[in-house]
Amino acid sequence: KLRSVVSSRTGNDPQRMMQQLSGSIARGEIRAVDPFQLLVTMLGSCVYFFLAWPMLGEINPQLRGRLAAVTEQRKRHLFELFYYGLKPRPEDSWDC
């Protein structure tokens with residue numbers, strides 16, 4: 001579903017992503033979260049990594065020259081973070 005939204009080059013893609021997220025929430029496919037905050041978090045998690053890359057290399061010199069490998073690690077980490085963080089849980093009782 002996300003691939004079809006992202007690959008679209010027409011319309012307001014962020015708005016379409018918010019609609020997809022809202023629909024997933026309504027169908028119980030993901031936890032009840034604020035779709036706007038989720039979108040901001042998703043975008044920020046991806047964009048900040050690349051903007052901060054030079055600084056991250058200063059903080060941890062072992063990262064230098066390893067952008068491709070660290071990017072793969074980051075992709076796996078973010079997938080797990082969002083997948084398991086958004087997975088519906090029976091103990092969820094608060095609404096956004």
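Mentor: Let's start with helices: each is a DSSP run of H or I with at least four residues, numbered from the N terminus. This is a predicted model, in which local features need pLDDT of at least 70 and side-chain atom pairs count only at pLDDT 80 or more, while totals for chains, interfaces and linings use all residues. Residues are numbered from 1 along each chain as its sequence is written, and side-chain values use heavy atoms, leaving out hydrogens and water.

Trainee: Where is Lys-75 found?

Mentor: Look in helix 5, which covers residues 67-86. Tyr-48, in turn, belongs to helix 3, residues 35-51.

Trainee: How many aromatic pairs does a search of the whole structure find?

Mentor: Four. Rings of Phe, Tyr and Trp (its six-membered ring) pair when their centres lie within 6.5 Å; planes under 30 degrees apart are stacked, over 60 edge-to-face, and the rest tilted. In one of the four pairs, Phe-49 and Phe-50 have ring centres 5.0 Å apart and planes at 80°, so they sit edge-to-face.

Trainee: Why is the pair of Phe-49 and Trp-53 tilted?

Mentor: Because their planes are at 55°, with the centres 5.6 Å apart. Ring pairs join Phe-49, Phe-50 and Trp-53 into a cluster.

Trainee: Is Phe-50 buried or partly exposed?

Mentor: Phe-50 is partly exposed, at 46% relative accessibility, whereas Phe-49 and Trp-53 are both buried; for Phe-49 the value is 7%.

Note on methods:
Helix = DSSP H or I, 4+ residues; strand = E, 2+ residues; numbered from the N terminus. Buried < 20%, exposed > 50% of the residue type's maximum accessible area, 1.4 Å probe, protein only.
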